[in-house]
Amino acid sequence: MNANYMYSLIAVIILLLLAYVGVAGMHLEVLFGVIIPYAAIAIFIGGFIYKVVDWAKSPVPFPITTTAGQQASLPMVSPALIDNPKNKTGVVIRMLLDILLFRSLFRNTRFEVRDTNKFSYELEKWLWLFALIFHYAFLTVVVRHLRFFTEPVLLPVQLLEKLDSFFQVGLPVLYLSGVALLAASIYLFLRRVFIPQMRYISLPADYFPLFLIMGIAGSGLLMRYFAKVDIVSAKELTMGLVTLRPTIPEGIGAIFYVHLFLVCVLLAYFPFSKLMHLGGIFFSPTRNMPGNNREVRHANPWNYPVKIHTYEDYEDEFREKMIEAGLPVEKMPEPKENLEEGKKE
Amino acid sequence: MPNNSKGMYNKNLVIAGIVIFVILAAFPFWFNVGRSAPAPEIILTEKAIAAEDCVRDKEYMTLEHMQLLDVWRDAVVRDGKRIYVNPKGVEFNMSLSNTCLDCHSNKEEFCDRCHDYTSVSPYCWDCHIDNPQGD
Amino acid sequence: MADELPKSEKLIDVDYSPPSRGWMDTPVKIRKGMYCYAGNPKSLELLGAPNPRQWNPLDEDWKLPDNWKEIVFEGLRERIDKFRSFKVFMDICVRCGACSDKCHFFIGSGDPKNMPVLRAELIRSVYRNDFTKAGKILGRLAGARPMTLDVLKEWWYYLFQCSECRRCSLYCPYGIDTAEITIIGREILNLLGLNIDWIATPVANCYRTGNHLGIQPHAFKDMMEFFVDDIEEITGVRVEPSFNRKGAEILFITPSGDVFADPGTYTAMGYLMLFHYLKDLGLDITWSTYGSEGGNFGFFTSHETMKRLNAKMYYEAKRLGVKWILGGECGHMWRVIHQYMDTMNGPADFLEEPVNPITGTRFTNAKSTKMVHIAEFTADLIYHNKLNLDPSRNDNLRVTFHDSCNPSRGMGLLDEPRYVIQNVCKNFYEMPANTIREQTFCCGSGSGLNAGENMELRMMGGMPRANAVKFVKEKYDVNMLACVCAIDRAALPALMDYYHPEVDVTGLHEMVANALILPGEKKRTTNLRGEPLLGMEDEDAE
C-alpha cells in the first residue's frame, strides 16, 4: 500500500525539481512563468466546463432524493423541511448547507465494537472539522492571492488579509490560512496512512493532490517566511499574466516558479480528477432534488414503453380457475369450454 | 433502451452555473481588462543616492528589511541597545525614524509604493510618524 | 438454516483488519453461505431476459456469451449516457471514507470490499479504464483496471452483497448513493444473465401470476379465506374482503409475502379487520389478484424489469375504475412507488387525488402518484379519532420499531408508523439514535437477498440491527420488533432467532388490529397469533 503514496510523492518531487531545474538551471522562465500558466488556466476552465457539460448531457431519469428526515404528509408529524425538502427552497437550503458547511459529513459516526460485543456509533467530527478547515483555508488562500492579481488591491482582499493575520505573529505577519491549509492536508494524509481501512481504499490519485497541495502550501510558506522572493517582481509577473502583457521580471527566486508550477499542475489536473467534486456536488441527484415525489411528477426524457403482462393475458391463463373461485372476469369462457363443461355434466 | 438525446438537461441551470464559474475563475482577467500594472517605480531621495550604501546591500534590504526592523525594535525596546553594526563594520543607530527615514524621507514614493502594490500594511506607522523631517 | 452457519458468538467476532495485499490484487473468493443460487433459466426465459442457462457461481465457467466484454462495455456506456447519477457518482468520489463503516455488510463481515466506497470502486476502476482520459493514460496510478473474468465475478459477488439500503448515501458529503451504483451494476450483470434465483424467479412469478410467490388467483382468494376464518374464530366477526371488484373507490395492494408466511399473515389479517371496521364508515375498497404484489423484485433486476412489474398497479387501477390506490406495509415497494412509479408508468390522470373517505383528509403529498401508504392512512384515522382502540390488548408487547431502509431514506416515512404504534400500544422504546430513522440499519436481507442459502451473509448483514435490538432488549425488556416491511417480516424472525430468540417480529397493522375494537366482536381472549391476552390466560383455558 505504501507504493500508492510513494508514487504520488515521487511524482510531486519530480514536478518540483522540474520547475526548479528548469528555472534555476536552464532559465526557462518564459516556459514556467508564462506559457505553462496560460496553458494551465485554459485547461482548468476548458476542462471544467467540458466535464460539467458532459454531466449535463446525461438526464436525471428518476427522482432519487436521499430523504434524511420526516416527509411532509399529515398534521400529526413535523416534516424535516431541509433534510427531506418538499420544495425548491428546501432543496436550496439543503444544498447550501451541504456545500458550505458539509452537513452530510457532519453526521459522520465512527463504528466501534465495545466490550461484550456492544456496537457503538459515536459521532466523529474530526473528518468534518479538518475537511472544513482544509476547504476554507484553501478558499482564504485563493482569495488572499488576489492581491497579486488586482491593482489596486481590492478592499475585501485587504480586509481578508487583515483578518487572516489577526494575531500579528512574526514578520512578515503569519497568515493563519496558510498554516491551516498545510496542517489540514497533513491531517488528511496521515488519516489515509494510519487508519487501516483508509489506507486500503486510498489510491495514488488520493495522495497526489494532497502532496501537491502540501507542496504548494509549503513552497508558499517557504518563500514568504524563509527563502524570501522579491514580491514586487512576483506581482509584476502575475499582473503581466492577467493583463495579457506577460513579462518576466529579473531576479524572482526559483522557488517562486516552483510554487507557480505546482499551482499550474493542480489547475490542469483538476478537471480530470476527483477534485471535480467541486462541480459534481451541484449535480448530485440524491441531494439536489426535493422529496415530494408523489406530489409532483418527475419526467424521464427517455421513458419508453415496455412489454407487460396485461390483465387480459392473465385472465386468459387463469379464467376458469377464477370463475370457479368466484372471482369476477372480463370475458366469459369460450363456447368450447362451455361445451366441455356441458359434457362433464 | 433507446436514448435519443444528446443535448443538455437542466440547461438553464447548468449554463448559469458555468457562467458563474467562468466569472469567478477568470476574475483576474476580466477585472484587469484595459489596465496595466507595471511594478512601481521607487524614488530615492538625493540623500539616499548620495549615501550609496544602505544599512545592508540592496538585495538584502529588498527582501529582509522587515526582519531587520523587527530585530532593531526588539534590540532597542527590550534590550536597550541602540547600535547596530553591519557586516562591513559600519555602525548605525537602530532607529526607523532617525536612520531609515533620514535618507528615505519620501515615504509615499519609497515605502508606500511597494507596500501598496503588494498590499502590505506594516504596523510600523501605527507608532512612527511618517516624516520626522516635516515636523 | 444451513448446517455450516457458525454460531452467533463466533460470527460476531469480526476481523476488521484489511488484507496486506491491495484490493485490486486480491481476487474474489466466492464462498458458500455468502451468495445466492444462480437464476433459473426458465424464469429468465419467461421474462425474455438474456442468456438463460444453468450455471453455478462456484464453477470456473459461467457460460457467458463470447462477446461479454463488449456487452459490459456497451452496457456501461449506455447507462453513463442515461443516468446522470451514475456518471457523476463514477467521477466525484474522493474516497474520504465517511461511508466505509456505515454499511451493515461491512460491519458484519469486515470484508473491505463491503465498504460502500470499495464496492463502488469495483465498478469505478473499470469505468476509469474504459471511459476516462486519466485512466487510459495513467492506468493503475489513476485507479483504473481492465475488465476481466475475475473482475466480473467480483462484481457479481459483491453487488449481491449490497442490499441497496442507501445508508452510505446519507453520510456521503456528495450524496453518492451506492444503491444507485449497485442497481446499475446488477442491471449490467443481467445483460449477461448473471443474477440470482431468489430474484429472477419471484420476478417471473410476479410477471405471470401477479405476485412473487406465484400464487394463482383462486389460491390467493383461498388463502385470504383462511384469514377470514381465523379472524372469525378470534373475534367472532366475519370480514368480507372483495377481489377484482370494479367500481370500488380504492384499490389495495400489498406484498404477497404477507399472505403467505407468518408473521406477515397477521399483518394481512390486520388489514382485513381494519377495512371491515371502516366499511360501515364508508370505505369501499378492493383487493386484486392480478395486482397482488406490492413488492417489486424487478427493482433488483433492472429499471426495465421494475417498470414491467410496476405497470400492473396503474393498469389494474384503471381497469377497475378506482379513484386511488392504498398501499400496504412494504419497504422497497415504497421506494418504487415514491420515487419511480409516477415517472415510469404515470401520469395516472385516470385516478383522483386521494381523499380519505372517512376523515375527508386530502393526501396532498400523494397528489400526483395517487397512492397512499397505509401508515399514513391509519395515522390519519387515529388523528381524527375514527378508530375505537384498546391499546391494553397489546400490553404483553414491549415494542421497538425498526425503520425499513427504503421508507426511511427513499421516502421519509418515519413518524407516521410511530404515531400509530404509540396509539395502539403502551410500551414503546426506541433503539439507539444512530440506528433508527434515516440512520436505520438494514435487516441484512433486503434487495432480494433473503434466500436460505446465503444465511451467513444475512446474519452478518443483520448484525448491527440485531445488536441494537439487543440493547433495548436488555435495557427495556423489549420483546417485539415492529416494522413496516414484508421483507423485514420474512427476514427479521430468522435474525432474531439467531441472535436473541426472545424477540419476535410484527407488522404495524397486526398491532392495530389487536387493539381495534370491532363492532359486534366477542370478548377477545387471544391476539391474532392465538396467544392469550394479558389477564385472559384463565379464560383462554376455559
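Visitor: Which residues in H8(C) meet which residues in H10(C)?

Guide: This is a predicted model, in which local features need pLDDT of at least 70, side-chain atom pairs count only at pLDDT 80 or more, and totals for chains, interfaces and linings use all residues. Residues are numbered from 1 along each chain as its sequence is written, while chains are lettered from A and ligands numbered from 1 in the order in which they are written. Helices (H or I, at least four residues) and strands (E, at least two) are DSSP runs, numbered from the N terminus. Two residues are in contact if their C-beta atoms, placed from the backbone, lie within 7 Å. Here Trp155(C), Trp156(C) and Leu159(C) of H8(C) meet Thr182(C), Gly185(C), Arg186(C) and Leu189(C) of H10(C). By class, this contact of H8(C) with H10(C) has four nonpolar, two polar and one charged residues. Ala, Val, Leu, Ile, Met, Phe, Trp, Tyr, Cys and Pro count as nonpolar, Asp, Glu, Lys and Arg as charged, and the others, Gly among them, as polar.

Visitor: At roughly what angle do the axes of H8(C) and H10(C) cross?

Guide: Axes are lines fitted to C-alpha atoms, for helices over the stretch in contact, and angles run from 0 to 180 degrees between N-to-C directions. The axes of H8(C), residues 149–159, and H10(C), residues 178–191, come within 10 Å and cross at roughly 130 degrees. Angles under 35 degrees count as roughly parallel, over 145 as roughly antiparallel, 65 to 115 as roughly perpendicular and the rest as oblique. H8(C) and H10(C) are therefore oblique to each other. A crossing is left-handed if the near helix is turned anticlockwise from the far one by less than a right angle, and right-handed if clockwise. The crossing of H8(C) with H10(C) is left-handed.

Visitor: How do H5(A) and H6(A) pack?

Guide: H5(A), residues 126–144, and H6(A), residues 155–164, pack at an angle of about 130 degrees, with their axes 9 Å apart. That makes H5(A) oblique to H6(A). H5(A) passes H6(A) in a left-handed crossing. Thr140(A), Val143(A) and Arg144(A) of H5(A) meet Val157(A), Leu160(A), Glu161(A) and Asp164(A) of H6(A). The classes in this contact are three nonpolar, one polar and three charged residues.

Visitor: In what order do the four strands of the open sheet in chain C lie?

Guide: Two strands pair if DSSP finds at least two bridges between them. The order in chain C is S2-S1-S3-S4, with parallel pairing. S2 (285–287) and S4 (371–373) of chain C are the edge strands, each pairing on one side only. From one strand to the next, the twist averages 30 degrees. S1(C), residues 250–253, pairs with S2(C) in the parallel sense over three bridges, and Phe252(C) has Trp287(C) in S2(C) as its bridge partner.

Visitor: Are the two faces of S5(C) covered or uncovered?

Guide: In a regular strand the side chains alternate between the two faces of the sheet. A residue is buried if 20 or more other C-beta atoms lie within 10 Å of its own, exposed if 12 or fewer, and partly exposed in between; C-beta atoms are placed from the backbone. Both faces of S5(C), residues 399–402, are covered: Val399(C) and Phe401(C) on one side, and Thr400(C) and His402(C) on the other, are all buried. S5(C) runs parallel to S6(C), residues 480–483, and four bridges join them. Thr400(C) stands opposite Leu481(C) in S6(C).

Visitor: Is Leu244(A) buried or exposed?

Guide: Leu244(A) is exposed, with 11 other C-beta atoms within 10 Å. Leu244(A) lies in the loop between H10 (231–242) and H11 (254–269) of chain A and has a positive phi of about 60 degrees although it is not a glycine. Glu164(C), also not a glycine, has a positive phi of about 55 degrees. Glu164(C) is buried, with 25 other C-beta atoms within 10 Å.

Visitor: Which residues does a cis peptide bond join, with omega about 0 degrees?

Guide: That bond joins Asp262(C) and Pro263(C). Pro263(C) is placed in the loop between H13 (257–260) and H14 (264–279) of chain C.
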